[in-house]
Amino acid sequence: MKKALIIIDIQNDYFENGTMTLVHSDKACRKAKLLLDKFRAEALPVIFIQHIATRPDASFFLPNTKGAEIHQTISPLKSEKIVVKHYPNSFRETDLMEYLEETQTTDLVICGMMTHMCVDATTRAAKDFGFTISVIGDACATKDLEYNGKVVEANEVQNSFLSALNYFYSTVQTTEEYLNQ
């Protein structure tokens, strides 16, 4: 068993004054930093996923902008892997799988943003590829969504997606639960 931490899209546009501010992004980022510190202390692989928009109508994560940069709280070290993606699924058209195979990684600890989109898509794909996965729920953030003319608050979105992922695709834990196991 070899595990790696995957930090998905903790980028400036998701924070206050960004172009796609999420609910509790600061809190999730602080929790992700605790995970990052543990993985670094144990010399375990850390993989940063960075979304760069390629769609002509994109309004955030635009190439060569401050908003697309990884948040300074969790700045990658030169030795740590950065995977640039253009789709919600971090495996799609990237070298993530190749890297995980090269490092003989079997277990993934996933956190990041947005829970309902990129965290969900990446977790489900990873399970399909045979990885054992822990999603750290309080180190993830999302936003209010709309469906059938009704606003679904971020807390409901978060709980719905995490409970769905906890059923088959992963074990969902808090940062404290993960760090204390």
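Biologist: By class, how many nonpolar, polar and charged residues has the lining of the second largest pocket?

Modeller: This is a predicted model, in which local features need pLDDT of at least 70, side-chain atom pairs count only at pLDDT 80 or more, and totals for chains, interfaces and linings use all residues. Residues are numbered from 1 along each chain as its sequence is written, and side-chain values use heavy atoms, without hydrogens and water. A pocket is an open set of points on a 1 Å grid over the protein atoms alone where a 1.4 Å probe fits, with protein on both sides within 12 Å along at least five of seven lines, and lining residues have an atom within 4 Å of a point. With Ala, Val, Leu, Ile, Met, Phe, Trp, Tyr, Cys and Pro as nonpolar, Asp, Glu, Lys and Arg as charged, and the others, Gly among them, as polar, the lining has 6 nonpolar, 6 polar and 2 charged residues.

Biologist: Which helix gives the largest share of that lining?

Modeller: Helices (H or I, at least four residues) and strands (E, at least two) are DSSP runs, numbered from the N terminus. Helix H1 (25-41), strand S5 (132-141) and helix H4 (154-167) each supply at least two lining residues. The largest share, 5 residues, comes from H4.

Biologist: What is the volume of the largest pocket?

Modeller: Its lining has 9 nonpolar, 4 polar and 2 charged residues, and helix H3 (residues 115-128) gives the most, with 3 residues. A volume is the space filled by probe spheres set on the points, which are joined across faces, edges and corners. For the largest pocket this is about 270 Å³.
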